[in-house]
Amino acid sequence: MRSTLGKLALFLVLPFSAMAQQPSKKQMQQLIDENMQFAVKQYKVLQDSTPANRMPRSFAKGRSVTSDTEWWCSGFYPGTLWYLYEYTKDANVKAEAERRLAILEKEKRYTGNHDIGFMIYCSFGNAYRITGDKKYKEVIDTAAVYQITRYRPSIHSIQSWNKSKNLNCPVIIDNMMNLEQLLWTAEKGGDKKFREIAITHANTTLKNHYRPDHSTFHIVDYDLSTGGIIKKVNGQGAHDTSAWSRGQAWGLYGYTMMYRFTKDKTYLEQAQGIAAFILNHPNLPADKIPYWDYNAPKIPTSRDASAGAIAASALLELGQYVGKADKAKYVDAAAVMLQSLSSDAYRAKLGENGGFLLKNSVGHFLANSEVDVPLTYADYYFLEGLLRYKKWYL
(Lines give C-alpha, C1' and ligand atoms only; values in the text may rest on other atoms or scores of the structure.)
Protein backbone atom coordinates (compact mmCIF):
# COMPACT_ATOMS: atom_id res chain seq x y z
CA MET A 1 0.00 0.00 0.00
CA ARG A 2 1.35 3.42 -0.94
CA SER A 3 2.16 5.56 2.12
CA THR A 4 0.37 8.83 2.85
CA LEU A 5 3.54 10.73 1.96
CA GLY A 6 3.80 8.78 -1.28
CA LYS A 7 0.23 9.62 -2.17
CA LEU A 8 0.92 13.28 -1.42
CA ALA A 9 4.05 13.31 -3.56
CA LEU A 10 2.01 11.96 -6.48
CA PHE A 11 -0.70 14.50 -5.75
CA LEU A 12 1.79 17.36 -5.90
CA VAL A 13 3.09 16.53 -9.37
CA LEU A 14 -0.20 16.10 -11.18
CA PRO A 15 -0.43 17.82 -14.57
CA PHE A 16 -2.39 21.06 -14.93
CA SER A 17 -5.43 19.29 -16.38
CA ALA A 18 -5.78 17.27 -13.19
CA MET A 19 -4.68 20.15 -10.96
CA ALA A 20 -7.80 22.12 -11.87
CA GLN A 21 -9.95 19.54 -10.06
CA GLN A 22 -11.29 20.53 -6.66
CA PRO A 23 -9.21 19.04 -3.83
CA SER A 24 -10.91 17.42 -0.86
CA LYS A 25 -10.48 18.72 2.68
CA LYS A 26 -8.31 15.71 3.50
CA GLN A 27 -6.07 16.50 0.56
CA MET A 28 -5.87 20.13 1.65
CA GLN A 29 -4.90 19.13 5.18
CA GLN A 30 -2.11 16.96 3.82
CA LEU A 31 -1.10 19.69 1.40
CA ILE A 32 -0.87 22.32 4.12
CA ASP A 33 1.16 20.18 6.48
CA GLU A 34 3.57 19.06 3.78
CA ASN A 35 4.10 22.61 2.55
CA MET A 36 4.80 23.92 6.03
CA GLN A 37 7.29 21.19 6.84
CA PHE A 38 8.97 21.69 3.49
CA ALA A 39 9.09 25.46 3.99
CA VAL A 40 10.97 25.18 7.28
CA LYS A 41 13.70 23.15 5.58
CA GLN A 42 13.75 25.31 2.47
CA TYR A 43 13.93 28.55 4.43
CA LYS A 44 17.02 27.30 6.23
CA VAL A 45 18.65 27.37 2.77
CA LEU A 46 17.35 30.91 2.28
CA GLN A 47 18.66 31.96 5.68
CA ASP A 48 22.12 30.57 4.99
CA SER A 49 22.34 32.37 1.65
CA THR A 50 21.30 35.79 3.02
CA PRO A 51 23.86 38.01 4.79
CA ALA A 52 22.96 38.92 8.37
CA ASN A 53 22.51 42.61 7.52
CA ARG A 54 20.43 42.03 4.36
CA MET A 55 17.03 40.64 3.38
CA PRO A 56 16.30 38.05 0.67
CA ARG A 57 14.73 39.47 -2.48
CA SER A 58 14.95 36.91 -5.30
CA PHE A 59 17.12 34.30 -7.02
CA ALA A 60 18.21 34.75 -10.62
CA LYS A 61 20.83 33.22 -12.92
CA GLY A 62 21.96 30.86 -10.18
CA ARG A 63 22.63 33.63 -7.68
CA SER A 64 20.84 34.95 -4.61
CA VAL A 65 19.56 38.51 -4.85
CA THR A 66 19.28 40.42 -1.57
CA SER A 67 18.19 43.91 -0.53
CA ASP A 68 18.72 46.45 2.19
CA THR A 69 15.90 47.01 4.67
CA GLU A 70 14.62 50.05 2.77
CA TRP A 71 13.49 47.87 -0.13
CA TRP A 72 9.70 47.64 -0.15
CA CYS A 73 9.74 43.87 0.25
CA SER A 74 11.99 43.80 3.34
CA GLY A 75 9.20 42.80 5.73
CA PHE A 76 8.03 39.72 3.88
CA TYR A 77 10.88 37.38 4.85
CA PRO A 78 10.51 37.90 8.63
CA GLY A 79 6.73 37.90 8.20
CA THR A 80 6.91 34.51 6.50
CA LEU A 81 9.15 33.21 9.27
CA TRP A 82 6.51 34.15 11.80
CA TYR A 83 3.89 32.23 9.82
CA LEU A 84 6.19 29.21 9.85
CA TYR A 85 6.78 29.55 13.58
CA GLU A 86 3.05 29.87 14.19
CA TYR A 87 2.46 26.52 12.51
CA THR A 88 5.52 24.56 13.61
CA LYS A 89 6.62 26.20 16.90
CA ASP A 90 10.18 25.66 15.69
CA ALA A 91 12.46 27.67 18.02
CA ASN A 92 15.12 28.08 15.34
CA VAL A 93 12.62 29.70 13.01
CA LYS A 94 11.55 32.10 15.76
CA ALA A 95 15.16 33.03 16.50
CA GLU A 96 15.80 33.84 12.83
CA ALA A 97 12.61 35.93 12.70
CA GLU A 98 13.75 37.91 15.73
CA ARG A 99 17.19 38.49 14.22
CA ARG A 100 15.69 39.90 11.04
CA LEU A 101 13.24 42.12 12.93
CA ALA A 102 16.17 43.63 14.76
CA ILE A 103 17.69 44.94 11.53
CA LEU A 104 14.30 45.98 10.13
CA GLU A 105 13.05 48.00 13.10
CA LYS A 106 14.80 51.20 12.04
CA GLU A 107 12.46 51.43 9.04
CA LYS A 108 9.55 52.30 11.35
CA ARG A 109 10.29 55.94 10.51
CA TYR A 110 10.65 55.40 6.77
CA THR A 111 8.94 58.04 4.62
CA GLY A 112 10.47 57.38 1.18
CA ASN A 113 7.26 55.84 -0.20
CA HIS A 114 4.00 54.26 0.91
CA ASP A 115 5.34 50.78 1.54
CA ILE A 116 6.04 51.10 5.24
CA GLY A 117 2.90 49.02 5.72
CA PHE A 118 4.37 46.07 3.83
CA MET A 119 7.68 46.57 5.60
CA ILE A 120 6.44 46.85 9.18
CA TYR A 121 2.92 45.45 9.45
CA CYS A 122 3.61 42.19 7.59
CA SER A 123 6.58 41.53 9.89
CA PHE A 124 6.02 43.17 13.27
CA GLY A 125 2.27 42.70 12.90
CA ASN A 126 2.65 38.95 12.74
CA ALA A 127 5.20 39.04 15.55
CA TYR A 128 2.79 40.90 17.83
CA ARG A 129 -0.20 38.77 16.87
CA ILE A 130 1.66 35.57 17.69
CA THR A 131 3.63 36.63 20.77
CA GLY A 132 1.65 39.50 22.27
CA ASP A 133 4.91 41.29 23.00
CA LYS A 134 4.12 45.01 23.36
CA LYS A 135 7.47 46.08 21.94
CA TYR A 136 6.28 44.92 18.52
CA LYS A 137 3.08 46.96 18.80
CA GLU A 138 5.12 50.06 19.62
CA VAL A 139 6.99 49.65 16.34
CA ILE A 140 3.72 49.44 14.38
CA ASP A 141 2.29 52.46 16.20
CA THR A 142 5.35 54.50 15.26
CA ALA A 143 5.20 53.33 11.64
CA ALA A 144 1.59 54.47 11.33
CA VAL A 145 2.56 57.97 12.42
CA TYR A 146 5.20 58.19 9.71
CA GLN A 147 2.98 56.52 7.12
CA ILE A 148 0.39 59.30 7.20
CA THR A 149 3.01 61.97 6.54
CA ARG A 150 2.45 61.03 2.90
CA TYR A 151 -1.26 61.81 3.05
CA ARG A 152 -2.17 64.64 0.67
CA PRO A 153 -5.49 66.33 1.61
CA SER A 154 -5.91 67.96 -1.80
CA ILE A 155 -6.18 64.56 -3.54
CA HIS A 156 -7.76 62.65 -0.61
CA SER A 157 -5.05 60.00 -0.89
CA ILE A 158 -1.68 58.86 0.39
CA GLN A 159 0.95 59.66 -2.21
CA SER A 160 2.60 56.37 -3.18
CA TRP A 161 5.82 57.47 -4.86
CA ASN A 162 7.67 60.76 -4.93
CA LYS A 163 7.44 63.12 -7.88
CA SER A 164 9.54 62.01 -10.85
CA LYS A 165 10.24 62.96 -14.44
CA ASN A 166 7.06 61.29 -15.70
CA LEU A 167 4.75 61.44 -12.69
CA ASN A 168 3.69 64.38 -10.57
CA CYS A 169 1.86 62.78 -7.63
CA PRO A 170 1.33 59.07 -8.27
CA VAL A 171 -1.04 56.86 -6.32
CA ILE A 172 -0.85 53.14 -7.09
CA ILE A 173 -3.30 50.31 -6.49
CA ASP A 174 -0.71 48.54 -4.33
CA ASN A 175 -1.25 51.27 -1.73
CA MET A 176 -4.53 49.60 -0.73
CA MET A 177 -2.52 46.91 1.03
CA ASN A 178 -0.76 49.36 3.34
CA LEU A 179 -4.02 50.73 4.72
CA GLU A 180 -4.26 47.69 6.98
CA GLN A 181 -1.54 49.08 9.23
CA LEU A 182 -3.49 52.30 9.72
CA LEU A 183 -6.81 50.60 10.40
CA TRP A 184 -5.24 48.14 12.82
CA THR A 185 -3.41 50.87 14.72
CA ALA A 186 -6.59 52.92 15.07
CA GLU A 187 -8.48 49.85 16.26
CA LYS A 188 -5.81 49.07 18.86
CA GLY A 189 -6.01 52.43 20.60
CA GLY A 190 -4.30 54.69 18.07
CA ASP A 191 -5.47 58.05 16.80
CA LYS A 192 -8.78 57.87 14.94
CA LYS A 193 -7.24 59.91 12.10
CA PHE A 194 -5.45 56.75 10.97
CA ARG A 195 -8.80 55.14 10.24
CA GLU A 196 -10.19 58.29 8.62
CA ILE A 197 -7.24 58.56 6.26
CA ALA A 198 -7.42 54.87 5.34
CA ILE A 199 -11.12 55.11 4.52
CA THR A 200 -10.67 58.32 2.55
CA HIS A 201 -7.86 56.78 0.52
CA ALA A 202 -9.86 53.62 -0.16
CA ASN A 203 -12.84 55.67 -1.35
CA THR A 204 -10.70 57.79 -3.66
CA THR A 205 -9.08 54.68 -5.11
CA LEU A 206 -12.45 53.06 -5.70
CA LYS A 207 -13.65 56.18 -7.51
CA ASN A 208 -10.57 56.88 -9.63
CA HIS A 209 -8.66 53.64 -10.20
CA TYR A 210 -11.44 51.28 -11.28
CA ARG A 211 -13.14 50.76 -14.62
CA PRO A 212 -16.77 49.58 -14.88
CA ASP A 213 -15.66 45.94 -15.27
CA HIS A 214 -13.76 46.09 -11.93
CA SER A 215 -10.34 46.05 -13.56
CA THR A 216 -7.91 48.63 -12.24
CA PHE A 217 -5.31 51.06 -13.47
CA HIS A 218 -1.97 50.62 -11.79
CA ILE A 219 -1.26 54.37 -11.41
CA VAL A 220 -3.38 57.48 -11.12
CA ASP A 221 -1.30 60.66 -11.34
CA TYR A 222 -2.72 63.72 -9.57
CA ASP A 223 -2.21 67.47 -9.66
CA LEU A 224 -1.53 68.42 -6.04
CA SER A 225 -2.52 72.03 -6.52
CA THR A 226 -5.98 71.36 -7.94
CA GLY A 227 -6.65 67.80 -6.81
CA GLY A 228 -7.46 66.88 -10.40
CA ILE A 229 -6.31 63.81 -12.30
CA ILE A 230 -3.48 64.29 -14.77
CA LYS A 231 -3.53 60.79 -16.22
CA LYS A 232 -4.26 57.14 -15.56
CA VAL A 233 -1.65 54.62 -16.67
CA ASN A 234 -0.80 50.96 -16.25
CA GLY A 235 2.85 51.26 -15.27
CA GLN A 236 3.45 47.54 -14.85
CA GLY A 237 0.60 46.31 -17.02
CA ALA A 238 0.67 45.42 -20.70
CA HIS A 239 -0.92 48.72 -21.75
CA ASP A 240 -3.08 51.46 -20.26
CA THR A 241 -6.35 49.61 -20.78
CA SER A 242 -5.15 46.20 -19.60
CA ALA A 243 -5.55 44.41 -16.27
CA TRP A 244 -2.21 43.78 -14.58
CA SER A 245 -2.74 40.60 -12.62
CA ARG A 246 -0.94 41.51 -9.42
CA GLY A 247 -2.79 44.83 -9.36
CA GLN A 248 -6.07 42.94 -9.55
CA ALA A 249 -4.96 40.79 -6.62
CA TRP A 250 -3.87 43.81 -4.54
CA GLY A 251 -7.29 45.37 -5.04
CA LEU A 252 -9.16 42.17 -4.19
CA TYR A 253 -7.17 41.76 -1.00
CA GLY A 254 -7.36 45.45 -0.12
CA TYR A 255 -11.12 45.88 -0.40
CA THR A 256 -11.78 42.59 1.39
CA MET A 257 -9.57 43.87 4.21
CA MET A 258 -11.41 47.21 4.20
CA TYR A 259 -14.69 45.38 4.74
CA ARG A 260 -13.17 43.45 7.63
CA PHE A 261 -12.39 46.66 9.50
CA THR A 262 -15.39 48.82 8.52
CA LYS A 263 -18.23 46.45 7.59
CA ASP A 264 -19.07 48.93 4.82
CA LYS A 265 -20.89 46.90 2.19
CA THR A 266 -19.53 49.14 -0.56
CA TYR A 267 -16.15 47.54 0.01
CA LEU A 268 -17.62 44.03 0.06
CA GLU A 269 -19.39 44.66 -3.24
CA GLN A 270 -16.16 46.00 -4.73
CA ALA A 271 -14.22 42.95 -3.59
CA GLN A 272 -16.83 40.64 -5.07
CA GLY A 273 -16.74 42.56 -8.33
CA ILE A 274 -12.96 42.18 -8.53
CA ALA A 275 -13.25 38.49 -7.66
CA ALA A 276 -15.75 38.01 -10.49
CA PHE A 277 -13.41 39.76 -12.93
CA ILE A 278 -10.56 37.42 -11.97
CA LEU A 279 -12.43 34.13 -11.76
CA ASN A 280 -14.55 34.67 -14.87
CA HIS A 281 -11.84 36.08 -17.09
CA PRO A 282 -11.48 34.07 -20.32
CA ASN A 283 -7.67 34.29 -20.06
CA LEU A 284 -7.49 32.77 -16.59
CA PRO A 285 -5.74 29.39 -17.04
CA ALA A 286 -7.34 26.16 -15.85
CA ASP A 287 -4.98 25.96 -12.86
CA LYS A 288 -6.11 29.50 -11.89
CA ILE A 289 -2.60 30.97 -11.70
CA PRO A 290 -2.82 34.07 -13.89
CA TYR A 291 -0.54 35.32 -16.58
CA TRP A 292 1.29 38.50 -15.58
CA ASP A 293 -1.46 40.53 -17.28
CA TYR A 294 -4.96 39.35 -18.16
CA ASN A 295 -4.66 41.21 -21.46
CA ALA A 296 -1.04 40.41 -22.26
CA PRO A 297 -0.47 40.63 -26.04
CA LYS A 298 1.00 37.16 -26.35
CA ILE A 299 -0.80 34.42 -24.43
CA PRO A 300 0.42 32.00 -23.21
CA THR A 301 3.11 34.05 -21.52
CA SER A 302 4.78 34.24 -18.10
CA ARG A 303 2.62 33.28 -15.14
CA ASP A 304 2.69 35.31 -11.95
CA ALA A 305 2.67 33.00 -8.95
CA SER A 306 2.64 36.02 -6.65
CA ALA A 307 -0.66 37.23 -8.13
CA GLY A 308 -2.11 33.74 -7.66
CA ALA A 309 -0.95 33.54 -4.04
CA ILE A 310 -2.29 37.00 -3.13
CA ALA A 311 -5.63 36.28 -4.80
CA ALA A 312 -5.95 32.90 -3.10
CA SER A 313 -5.41 34.41 0.33
CA ALA A 314 -7.86 37.20 -0.40
CA LEU A 315 -10.55 34.86 -1.70
CA LEU A 316 -10.35 32.79 1.47
CA GLU A 317 -11.05 35.86 3.57
CA LEU A 318 -13.78 37.04 1.22
CA GLY A 319 -15.44 33.67 1.72
CA GLN A 320 -15.93 34.59 5.39
CA TYR A 321 -18.23 37.48 4.59
CA VAL A 322 -20.65 36.17 1.95
CA GLY A 323 -23.50 33.71 1.51
CA LYS A 324 -23.11 29.97 1.14
CA ALA A 325 -22.99 29.83 -2.67
CA ASP A 326 -20.43 32.61 -3.03
CA LYS A 327 -18.39 31.22 -0.17
CA ALA A 328 -18.12 27.86 -1.89
CA LYS A 329 -17.12 29.54 -5.15
CA TYR A 330 -14.34 31.59 -3.57
CA VAL A 331 -13.00 28.87 -1.31
CA ASP A 332 -13.00 26.26 -4.06
CA ALA A 333 -11.12 28.60 -6.40
CA ALA A 334 -8.56 29.43 -3.72
CA ALA A 335 -8.03 25.74 -2.98
CA VAL A 336 -7.27 25.07 -6.64
CA MET A 337 -4.82 27.99 -6.66
CA LEU A 338 -3.02 26.72 -3.57
CA GLN A 339 -2.98 23.20 -4.98
CA SER A 340 -1.51 24.47 -8.24
CA LEU A 341 1.15 26.50 -6.45
CA SER A 342 2.11 23.37 -4.53
CA SER A 343 2.84 21.44 -7.71
CA ASP A 344 6.23 21.03 -9.36
CA ALA A 345 5.17 23.62 -11.92
CA TYR A 346 5.45 26.38 -9.32
CA ARG A 347 7.05 25.03 -6.16
CA ALA A 348 10.79 24.48 -5.96
CA LYS A 349 12.53 21.30 -4.97
CA LEU A 350 14.34 21.18 -1.64
CA GLY A 351 17.65 23.02 -1.78
CA GLU A 352 16.93 24.68 -5.12
CA ASN A 353 15.58 28.10 -6.10
CA GLY A 354 17.91 29.86 -3.66
CA GLY A 355 15.76 28.65 -0.78
CA PHE A 356 12.54 30.29 -1.93
CA LEU A 357 9.35 28.24 -2.02
CA LEU A 358 7.73 29.39 -5.26
CA LYS A 359 9.12 29.90 -8.73
CA ASN A 360 7.62 31.81 -11.66
CA SER A 361 6.64 35.17 -10.29
CA VAL A 362 6.88 38.44 -12.20
CA GLY A 363 8.00 41.75 -10.79
CA HIS A 364 7.95 44.12 -13.79
CA PHE A 365 7.56 42.32 -17.10
CA LEU A 366 7.87 45.30 -19.41
CA ALA A 367 11.13 46.36 -17.78
CA ASN A 368 12.42 42.78 -17.93
CA SER A 369 12.88 43.01 -14.17
CA GLU A 370 12.28 39.95 -11.98
CA VAL A 371 10.58 37.84 -14.64
CA ASP A 372 10.03 34.11 -13.98
CA VAL A 373 11.85 34.25 -10.66
CA PRO A 374 10.98 33.73 -6.98
CA LEU A 375 9.80 36.75 -4.99
CA THR A 376 9.45 37.10 -1.22
CA TYR A 377 5.84 38.26 -1.31
CA ALA A 378 4.77 35.23 -3.36
CA ASP A 379 6.02 32.98 -0.56
CA TYR A 380 4.43 35.17 2.11
CA TYR A 381 0.91 35.15 0.69
CA PHE A 382 1.18 31.48 -0.29
CA LEU A 383 1.80 30.47 3.32
CA GLU A 384 -0.79 32.96 4.55
CA GLY A 385 -3.34 31.36 2.24
CA LEU A 386 -2.50 27.88 3.49
CA LEU A 387 -2.87 28.98 7.10
CA ARG A 388 -6.12 30.76 6.38
CA TYR A 389 -7.53 27.66 4.75
CA LYS A 390 -6.59 25.57 7.79
CA LYS A 391 -7.99 28.10 10.24
CA TRP A 392 -11.31 28.77 8.53
CA TYR A 393 -12.16 25.77 6.36
CA LEU A 394 -10.79 22.61 7.97
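These are my notebook entries on a predicted model of one protein chain.

**Ground rules.** I number residues from 1 along each chain as its sequence is written, and my side-chain values use heavy atoms, with hydrogens and water left out. Since the model is predicted, local features need pLDDT of at least 70 and side-chain atom pairs count only at pLDDT 80 or more, while totals for chains, interfaces and linings use all residues.

**Overall build.** I found 14 helices and nine strands in the protein chain (DSSP runs numbered from the N terminus: H or I of at least four residues for helices, E of at least two for strands). The C-alpha trace spans about 70 × 45 × 45 Å along its principal axes.

**Inside and contacts.** Of the 394 residues, 58% are buried (under 20% relative accessible area; exposed is over 50%, partly exposed in between, with a 1.4 Å probe and protein chains only). I also checked contacts, meaning heavy atoms within 4.5 Å. Among those between residues at least 6 apart in sequence, 66% join residues at least 24 apart.

**One residue up close.** I picked alanine 276, which sits in helix H11 (residues 265-279). Is alanine 276 buried, partly exposed or exposed? Its relative accessible area is 33%, so alanine 276 is partly exposed. I noted tyrosine 330 too: 54 residues from alanine 276 in sequence, with 9.5 Å between their C-alpha atoms.
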